[in-house]
Amino acid sequence: MVGVDQAVREEAAILRQQLNDHNHLYYVLDDPSIPDAEYDRLMRKLQQLESEHPTLKTADSPTQRVGGEPLEAFKSVVHEVPMLSLDNAFSDEDLLAFHRRVTERLKLSGPLAYVCEPKLDGVAVSLLYQDGVLIRGATRGDGSTGENITENVRTINSIPLKLQTDEPPSLLEVRGEIYLPRTGFEKLNQEAKAGGGKLFVNPRNAAAGSLRQLDSKITASRSLEMAAYSLGRIEGLQPPKTHSKTLVLLKGWGFLINPHVEVAGDINDCLSYYQKLLGIRDQLPCDIDGIVYKVDDIGLQQRLGFVARAPRWAIARKFPAQEEMTQLLDVEFQVGRTGAVTPVARLEPIFVGGVTVSNATLHNQDEVVRLGVKVGDTVIVRRAGDVIPKVVKVVLEKRPATAKEIIFPLHCPVCDSPVERVEGEVVTRCSGGLVCSAQRKQAIKHYASRKAMDIEGLGDKLVDQLVDQNLVTAVDDLYGLKLDQLAGLDRMGNKSAQNLLLALEASKTTTLPRFLYALGIREVGEATARSLAKHFGHMAALQQASQEDLQEVSDVGPVVAHFVHDFFAQSENVEIVHKLSDAGICWPDIVSDGDQLLPLAGQTWVLTGGMDVMGRSEAKEKLQQLGAKVAGSVSVKTDCVVAGAGAGSKLKKAEELDIRVLDEAALLEFLRKNDLF
Ligand code: 5U1
């Protein structure tokens with residue numbers, strides 16, 4: 001590097017190191033230690049040095065993550081060690097048969113340890129590091145030859161550009177899965193929809209599509225992640241003797257290892273692990289399509305060897321598929337709380353994502369047009385995570401000659417009022433308002449729901465009966481119901497009627513955010529209801545607020561302000577609020593005396609380890625809403641540590657300092673009590 005001052009070179013090297021370390025803290029450990037603005041400042045400084053002295057630009061420079069010049073085409077890469085595929089097991093019996101084959105071949109009788117890993121639904125890749133610096137990224141391709149996607153791989157923040165060690169192996173190949181978390185997938189499709197672009201069917205296709213971009217700036221914008229799961233080639237360092245230690249080594253070098261990886265002492269633990277992971281599958285941040293079990297001992301792996309293109313020492317136990325094909329039998333139109341008329345696909349029942357599905361949403365007219373779907377079509381249905389099943393694709397080759405166009409109704413299927421579509425909106429709505437019994441029923445169901453007034457025992461069927469028998473027209477009527485009226489209803493005895501009256505009574509003491517949410521004001525979800533309550537403190541102040549006042553609330557823009565204002569401008573809504581108040585609904589007013597009255601004001605909390613149900617950033621946000629400061633490290637000033645799965649040194653320190661520790665379940669319960677979960 002002739003011509004560049006030694007001091008400048010050193011400064012660039014320090015910046016590279018700092019940025020790579022902060023990147024690892026942020027993207028792999030989910031534990032940033034500096035604010036984003038400071039990170040940006042360091043990045044800008046390095047960019048400036050590199051643009052002044054282009055020879056300083058190294059392969060491991062974090063400035064290379066933002067994407068470079070577009071490529072003409074991808075080059076081929078021949079894998080020196082082929083990237084194998086895995087045999088599949090579809091049942092406990094298949095897994096036990098695999099274990100029998102393994103133990104018989106090894107002539108073992110005692111327990112055998114396996115590593116259990118979630119099988120991420122993404123794209124398998126190989127990363128090559130020379131003297132600790134990432135020099136090549138390639139797709140698996142057919143296992144022998146893949147594509148060189150180095151420029152794209154460099155943009156993925158959880159992939160270290162440089163190994164975090166002073167003594168790297170001279171050559172290292174790391175294998176793993178690049179995937180798109182569900183939130184990234186939803187965001188990508190929302191953006192594609194807004195821009196009229198093509199939607200991806202699932203996160204795996206989206207990850208593959210993102211990696212096949214010749215312009216790495218596009219890849220950089222896609223929030224891809226990579227979890228490492230094995231070594232390929234390694235030179236200049238003796239590899240560990242077990243697979244579990246290999247993962248620990250990879251983690252130490254800066255790779256992301258899935259937090260749910262576990263070592264099972266024997267095959268029975270593998271069976272329990274399957275049940276455990278299946279139970280939390282829907283709450284995980286990314287799609288997984290099964291579990292990979294690997295014999296932990298590398299010596300035993302070598303003795304077992306391979307058959308055809310799969311190892312004898314590993315197997316993939318598949319989960320029920322999240323996408324299946326079925327037939328669209330009919331389309332019905334459902335009317336929601338706000339009058340939205342939603343086309344619902346009636347399907348030939350199909351087992352998908354672990355449940356039998358016979359209905360799936362088609363969202364709206366635009367979506368029906370986008371899918372090009374007709375009644376009688378064979379369709380692909382996806383059910384993943386907590387989301388309701390969706391029709392994601394039509395199998396056009398299977399379209400029968402009798403397939404029928406889907407016609408949207410001009411009148412509400414329930415109350416016959418005209419259906420309208422406001423310009424600029426995708427939704428068609430019944431114009432009947434409270435005349436429409438479907439809208440009334442939905443409004444009452446929403447009012448009674450768990451996150452609103454939480455009226456136990458007031459289920460959907462009961463609401464349908466109450467409205468159909470004219471016992472309840474609007475939510476305030478609920479509080480006038482009598483025992484004999486309730487006891488006379490279908491599937492209601494005296495006891496259930498009494499319990500419901502008690503639940504109605506209990507619901508009268510509530511919180512302002514819950515009540516606001518329960519009113520069902522358009523676009524006012526739980527978070528907005530909380531912001532409104534916190535800002536205005538009293539119902540009266542909110543009712544009198546102008547649209548300008550409303551827009552002063554954080555997260556409230558002109559659209560929400562319009563809906564809130566419009567709601568309280570309608571005398572029938574104000575009357576319902578009065579009647580509810582007369583019925584005894586009450587809550588403590590929120591006194592916004594700075595943050596002093598927030599339950600965690602003045603406290604410092606630390607989050608560590610993996611969270612299954614709620615991501616760490618979401619948990620952090622909620623604790624902050626309750627007034628806590630959330631810090632990255634444990635000290636004597638820490639009031640409480642939330643220790644999730646695999647918590648390590650921070651938990652130990654908390655125990656040493658005798659600091660209160662909560663597990664994830666306790667945190668969720670605490671948040672629930674504070675209306676934040
Ligand atoms: N987690 C994980 N996924 N996966 C895929 N481990 C893993 N290992 C694989 C594959 C194909 O192959 C090795 C067992 C060779």
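Tutor: Happy to! On a 1 Å grid over the protein atoms alone, a pocket is an open set of points with protein on both sides within 12 Å along at least five of seven lines, and its lining residues have an atom within 4 Å of a point. A volume is the space filled by probe spheres set on the points. The second largest pocket holds about 1,300 Å³ of space. It is lined by 48 residues, and closest to its centre are R175, Y229, S230, L231 and W313. This is a predicted model, where local features need pLDDT of at least 70, side-chain atom pairs count only at pLDDT 80 or more, and totals for chains, interfaces and linings use all residues. Residues are numbered from 1 along each chain, and side-chain values use heavy atoms, without hydrogens and water.

Strand 8 gives the largest share of this lining, seven residues. Strands here are DSSP runs of E with at least two residues, numbered from the N terminus. Strand 7 (171-179) is also among the elements that give two or more residues to the lining.

Let's stay with strand 7. Nine of its nine residues are buried, so strand 7 is largely enclosed by the rest of the structure; buried means under 20% relative accessible area with a 1.4 Å probe, protein chains only. L171, E173, R175, E177 and Y179 cover one side, while L172, V174, G176 and I178 are on the other.

Strand 7 also has partners; two strands pair if DSSP finds at least two bridges between them. Strand 4 (residues 123-130) pairs with strand 7 in the antiparallel sense over eight bridges, and A124 has E177 as its bridge partner. Strand 8 pairs with strand 7 in the antiparallel sense, over eight bridges, with I178 opposite M226.

Key
1 Å grid on protein atoms, 1.4 Å probe; cavity = no way out; pocket = protein on both sides within 12 Å on 5 of 7 lines; lining within 4 Å. Helix = DSSP H or I, 4+ residues; strand = E, 2+ residues; numbered from the N terminus. Buried < 20%, exposed > 50% of the residue type's maximum accessible area, 1.4 Å probe, protein only.
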